[in-house]
Amino acid sequence: MSKYKEIKGFKVQTLASDTVASAVSGGSWASGGSLNLGRSGLGGAGIQTAAIAFGGYNSSSKGETEQYNGSSWTEVGDLSTARYLIGGTGTTTAALACGGNPSTGKTELWDNSSWTESGDLNTSRMALGVAGTTTAGIAFAGNAPGGNTVNAETFDGSSWTEVANINSARDNVAGTGIQTAALLIGGTTPPGDSVKALVEQWDGSSWTEIADLNTARRSLSSGGTTSSALAFGGNANGALTESWNGSAWTEVADLATPRGALAGGSQASNNTSNIAFGGSPNVTSTEQWDAPSVFTQINLGQVYYNSGSNAFKVTQQSTPAGTWASGGNLTVAKGSAAGAGTQTAGIFMGGRASPPPNAVLNETELYNGTSWTEVNNLNTGRYSLSGANSGSQTATLAFGGYDTAILAITESWDGTSWTETTDLNTARAQMAGFGLATAGLICGGDLYPVTSPTRLSVQTELWNGSSWTEVNDLNTGRRRIGNGGFGTQTSGLTAGGYTTTYVANTESWNGTSWTEQTEIQTRDNTTGIGSGANSGLIAGGGTSPGAMSNATEEWVVPEENQTITVS
C-alpha cells in the first residue's frame with residue numbers, strides 16, 4: 001500500500017493549530033477595554049496599544065476625548081469644538097482632528113494634554129478621509145456645503161494646501177497611509193448615496209483607481225499602508241474585514257460587533273495589527289486585530305491532526321484562477337428562466353422576453369459547448385420557475401413559476417420532450433430548487449396573489465421521481481430566493497430573498513429540517529453554486545430597488561464540523 005507521503009510529498013503532521021494561507025488570513029478580532037462614552041461618527045488615531053478617540057455623536061455632538069493604553073480608556077481634554085463625522089489621524093500624543101458636522105473646516109491639534117486650533121481646511125466638509133501626521137497630513141473627499149467633494153488638501157502643521165483632486169466625489173469614506181502614499185476606501189456617491197467599493201491610491205501627486213473592495217461599503221474604518229492595510233466595519237452595522245496586500249482585497253475574520261461610523265488605528269503599520277472602537281449605534285466596545293507571527297502554511301490537500309481540537313483535518317483545494325470567454329448566443333433572448341447541466345451540455349427553459357407586461361416563453365434550448373439549439377418546448381410557458389439545477393441535459397425538472405397566474409405545474413425532461421407530471425402541493429414562483437431529476441427539493445417562494453405577509457412561502461417539498469411530499473418548513477418565509485440555493489435533497493443551503501424588504505437569512509438543510517446559519521450580505525435573487533451544505537458560494541443579487549450587487553460570498557463549514565476518513 002502506498003504511503004500518504006509518497007503520494008502527496010508530505011506526511012500527516014500533528015499541529016497545535018490549523019494551517020492558514022498567510023499570517024493575515026489567520027488573524028482575528030479580540031475584545032479590548034470599552035470606551036467610557038459610546039458614540040458614532042467619532043475620530044480616531046494611533047495604534048493598537050496607544051490610540052485616541054475624539055468627538056462623535058450620542059444624542060448630541062460630542063467633544064470628549066479618550067486615550068487607550070492597550071487595555072483601558074481614560075478621559076482627557078475635550079475638543080475645542082464638539083462635532084461628529086470628523087476626520088482624524090496621527091498618534092495618541094500628537095493627533096489631528098479636522099472637518100465634521102456641522103460642515104466645518106476647523107482643524108485642531110492634540111499635544112497629549114490639550115487641543116489647539118490650527119489653520120482651517122480650505123473646503124469645509126464632514127464624513128471625510130484623513131491620513132498622515134500632525135505635520136504631514138492629507139484630507140480628501142467628504143460632504144461639503146455644495147455636495148460631495150473631489151477636493152484633497154495637504155497639511156504642513158499649520159495650514160492646508162489644495163492638491164490634485166480625487167477621481168470620484170464621495171463621502172463617508174475611510175483613509176489611511178501617509179501624506180505621500182495614501183488610500184481612499186469606499187464611501188457613497190450621488191445620486192441617491194450609492195454605496196461604493198471604489199478604492200483610490202495617492203502617490204504624492206495624483207490619485208489612481210485600484211482594485212475595488214469585495215463588498216461596497218460606507219462609514220467604514222481602515223489602517224495600514226498602501227501595500228498592507230485593513231478595511232473594517234461600515235454601512236449601518238457591518239462586520240466585514242478585508243485585507244489589502246498591495247494588489248487585491250481578501251475577506252478575513254469579521255468584527256465580533258457589527259458597526260458603522262466607527263474609528264480605528266490610522267497609524268497601524270500593516271494588516272497584521274489594528275484596533276476598532278465606537279460606531280453605530282453608540283457602541284462602546286473596542287476590538288483588537290492580531291495576526292499570528294508564527295503559523296503553518298497551507299499545503300493544498302494536506303491531511304493533518306490538530307492536537308488542540310483533537311481532530312483530523314484536511315485543507316481544501318483552492319478554486320483555480322480562470323477567465324470568462326464568449327460562448328454562443330441563445331436563439332431567444334430571455335430572463336427569469338431556469339437551467340441545468342454543464343458547460344458543454346446545458347439546458348435552458350422558460351423565462352420571459354421583457355419586463356412586465358411580459359412575453360411569457362416556453363422555449364427550451366440545448367447547449368453543446370459552442371451553440372444553442374431549440375428543441376421541444378415546455379408544455380406551459382412561464383417565468384420565475386425553478387428546476388433541478390443539479391440535473392442534466394437529458395434528465396431535469398421544471399416546476400412552479402408565473403404565467404397569467406401562479407403555477408404548481410411540474411414537467412419532467414427526458415432528453416427529448418417535456419411531460420407533465422405531479423403538481424407541487426403549493427403553487428409558487430421565485431422559489432429555490434436544487435437536486436436531481438429523481439431527487440429534488442423546493443423551498444420558499446411567492447404565493448401571489450395572496451396578500452403580504454402570507455404570500456411568503458415557508459413550505460419545503462421533496463421530489464422522489466414521481467411525486468412531491470411536504471416536509472419541514474423554512475424558519476423564515478421569503479420570496480425572490482431565485483437560484484439562491486445549492487446542494488442535494490439531503491444536504492443543501494439557501495440564502496437571501498425578500499420579505500417586506502431585502503433579507504440576509506441563510507438556512508441549511510440536513511435532509512430533515514432547516515437550521516438558521518450565519519447571514520449573508522442583505523440581498524435577493526442571488527445565484528448559488530455548490531454540491532452540498534458544507535461548501536459553495538452565493539453571487540450577485542439585488543440590495544435595494546434598482547441597485548444590484550457584484551458581491552460573491554463563500555460558504556464553508558469549519559473543518560471540525562465536517563467528517564473525513566483518513567486511512
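Let's start with threonine 226, which lies in the loop between β23 (221-224) and β24 (229-232). Strands here are DSSP runs of E with at least two residues, numbered from the N terminus. Threonine 226 counts as buried because its relative accessibility is 19%; buried means under 20% relative accessible area, exposed over 50%, and partly exposed in between, with a 1.4 Å probe and protein chains only. Setting aside neighbours within four places in sequence, threonine 226 is in contact with Ala181, Ala182, Leu183, Gln201, Trp244 and Gly246. Contact here means heavy atoms within 4.5 Å.

A word on the model: it is predicted, with local features needing pLDDT of at least 70 and side-chain atom pairs counting only at pLDDT 80 or more, while totals for chains, interfaces and linings use all residues. Residues are numbered from 1 along each chain as its sequence is written, and side-chain values use heavy atoms, leaving out hydrogens and water.

Strands β32 (residues 338-341) and β33 (residues 346-349) pair in the antiparallel sense over 4 bridges; two strands pair if DSSP finds at least two bridges between them. They form a hairpin, with 4 residues between them. Across this pairing, glycine 339 stands opposite phenylalanine 348 in β33.

β33 is also joined by 4 bridges to strand β34 (residues 364-367), again running antiparallel. There, isoleucine 347 faces leucine 366 in β34.

## A sheet of four strands

Next comes an open sheet of 4 strands in the order β40-β41-β42-β43, with antiparallel pairing. β40 (432-436) and β43 (468-471) stand at the edges and have a single partner strand each, so one side of each is left without a neighbour in the sheet. On average, neighbouring strands of this sheet are turned by 20 degrees against each other, direction ignored; the axes are lines fitted to C-alpha atoms.

β43 pairs with strand β42 (residues 460-463) over 4 bridges, in the antiparallel sense. Which residue in β43 is the bridge partner of glutamate 461? That partner is glutamate 470.

## Aromatic rings

The whole structure holds 19 aromatic pairs. Rings of Phe, Tyr and Trp (its six-membered ring) pair if their centres lie within 6.5 Å; planes under 30 degrees apart are stacked, over 60 edge-to-face, and the rest tilted. Tryptophan 110 and tryptophan 115 make a tilted pair, 5.4 Å centre to centre with 45 degrees between the planes, and both of these residues are buried. Elsewhere, Trp29, Phe232 and Trp289 form one aromatic cluster.

Notes:
Axes are lines fitted to C-alpha atoms, for helices over the stretch in contact, and angles run from 0 to 180 degrees between N-to-C directions.
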